[in-house]
Amino acid sequence: MSTTSRITATALAAAVGMTALAACGGPGDESADAKTVTLVSHDSFSASKSVLAAFEKESGYKVKVLPGGDAGKAVNQAILSKDNPQGDVFFGIDNTLLSRGLKEGIFSPYKAKGLSGVPAGLQLDKGEHRVTPLDYGDICVNYDRAYFDRHKLAPPKTFDDLVKPAYKGLLVTENSATSSPGLAFQLGTIAAYGNGGWQTYWKKLKANGVEVVDGWEQAYYERFSGSASGHAKGDKPLVVSYASSPPAEVKDMKTKPRQAPTGVATGTCFRQIEFGGLLKGAKNEKGGKALLDFLLSKKFQEDMPLQMFVNPALKDAKEPALFTKYGVTIDKPTTMAPATITKNREQWIKQWSSLVLK
């Protein structure tokens, strides 16, 4: 899930969707359907219009984007509609939710062109190619520098710091059951404290006044005080977001600052990998395969960092200077084997919900 703005993502989806619909005929027009490829994703999917236009020109397909809420909600919807998929390609299922999508059989195998240029560590379905790794990033607590400067308080650095009295009532996070960043943050605490210690940690975090909201966009744009592009100025100076969120805050500033107005608590990070896949039963399978190839192309991959503020999966894709200057590289994020997530995820979410939401 990215840190691109709700307005940008929604506007893009609407613009692309209208372009696609304008190119289509009425209901039952099979020739029109064959010329449209539909991408189902979370709300934060974004790409430069020129980049999507290049794909449309080269392939002959029009792209229609269907945003489906936070990644967790979008995946749930894809599962519920698997017998009659909403589109041809799904973008945005990550390593915290991947096993669920694979178990439910929502994807058809396809080995995308360019996959050999993706590091082996990102290819979590290497044997069957039901999904294609497209980007990665680190879920971390972000902080509002101005708040901590005003209060002459050092920002937190680690999970341990977040339960200290000095940070009482300052953190907003996302619901593990409905949000992939929220689940990733929970998994980070499990990786840090173990299966026997994370529950105690969350009890302390709850006692320290953590606020829980449904999804990332609500947390970042509505509750976080450091979001320059938020619709409502929040009062929480700590939020679960991404190590790449700071460049998003700087991107539209006419005069670039020495450092971003937001920072990253580097000891709170969990590595997230996002995938795309051809939906089983896709009406335009040929177009879906062409779109997946394009999503892994250098043109699209080099556009991603300043559109969705994620790291490209393709090894030789260059990241823009603004992204590298203001972003934070996490050398040792917490991680977890997909098999471990698969085995325990549903139980952990239920335990978390019982501990934190009641």
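Colleague: Which residue is the bridge partner of Asn142 in β9?

Modeller: Val264. Keep in mind that this is a predicted model.

Colleague: What makes β5 and β9 a strand pair?

Modeller: Pairing takes at least two bridges. Strand β5 (residues 132–144) runs antiparallel to β9 with 11 bridges, so they count as a pair.

Colleague: And why does β4 count as pairing with β9?

Modeller: There are 2 bridges between β4 (residues 107–108) and β9, and the cut-off is at least two, so the antiparallel pair counts. Ser108 sits opposite Leu278 there.

Colleague: How covered is β9?

Modeller: Mostly: of its 18 residues, 15 are buried.

Colleague: Switching to the rings, why is the pair of Phe185 and Trp202 called edge-to-face?

Modeller: The centres are 5.7 Å apart, within the 6.5 Å limit, so the rings pair; the planes make 80°, over 60, so the label is edge-to-face. Phe185 belongs to helix α8 and Trp202 to helix α9, 17 residues apart.

Colleague: How do you know that Phe185 is buried?

Modeller: Its relative accessibility is 1%, and buried means under 20%, so Phe185 qualifies. Trp202 is also at 1%, so it counts as buried too.

Colleague: Which aromatic cluster holds Phe185 and Trp202?

Modeller: One that also includes Phe159, Tyr193, Tyr201 and Trp352.

Methods:
Residues numbered from 1 in each chain as written. Predicted model: local features only at pLDDT ≥ 70, side-chain atom pairs only at ≥ 80, totals over all residues. Heavy atoms only, no water. Phe/Tyr/Trp six-rings, centres within 6.5 Å; stacked < 30°, edge-to-face > 60°. Helix = DSSP H or I, 4+ residues; strand = E, 2+ residues; numbered from the N terminus. Buried < 20%, exposed > 50% of the residue type's maximum accessible area, 1.4 Å probe, protein only.
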